[in-house]
Amino acid sequence: MWTGRGGLHDVAFVSAEISTSLHGEQGAEYTYTFAEPGEYRYECTPHAPVGMRGVVIVEENGR
């Protein structure tokens, strides 16, 4: 969720074709449902050089 601080932000996944447009307003949200287990690394495109990166780890459902 965007806080409205720090300029424009996005979510761009490095190894998957998933991304958002740039947002600067407070309260912007993005959701995505992953279909396959794995590690999905993402970054904020404008702020990746300063370390605004993360990873979503999706585990297989144990049912």
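Which residues lie nearest the centre of the largest pocket? They are W2, H9, D10, V11 and M52. The structure here is a predicted model.

## The largest pocket

Rolling a probe the size of a water molecule over the atoms shows where empty space is left. In this model, the largest pocket holds about 240 Å³ of space. Its lining is made up of 14 residues. Two elements, β2 (38–43) and β3 (53–58), each give two or more residues to that lining.

Seven of its residues are nonpolar. Four are charged, and three are polar.

## The sheet

Strands of a sheet pair through backbone hydrogen bonds, either parallel or antiparallel. Here the pairing is antiparallel. Three strands form an open sheet, and their order is β1-β2-β3. The edge strands are β1 (12–13) and β3. Each of these edge strands pairs on one side only.

## How the strands pair

Start with β1 and β2. Two bridges link them, in the antiparallel sense. F13 has Y42 of β2 as its bridge partner.

Now take β2 and β3. Six bridges join this antiparallel pair. E39 has I57 of β3 as its bridge partner.

Notes: Residues numbered from 1 in each chain as written. Predicted model: local features only at pLDDT ≥ 70, side-chain atom pairs only at ≥ 80, totals over all residues. Heavy atoms only, no water. 1 Å grid on protein atoms, 1.4 Å probe; cavity = no way out; pocket = protein on both sides within 12 Å on 5 of 7 lines; lining within 4 Å. Points joined across faces, edges and corners; volume = space filled by probe spheres on them. Helix = DSSP H or I, 4+ residues; strand = E, 2+ residues; numbered from the N terminus. Nonpolar A, V, L, I, M, F, W, Y, C, P; charged D, E, K, R; others polar. Pairing = 2+ DSSP bridges.
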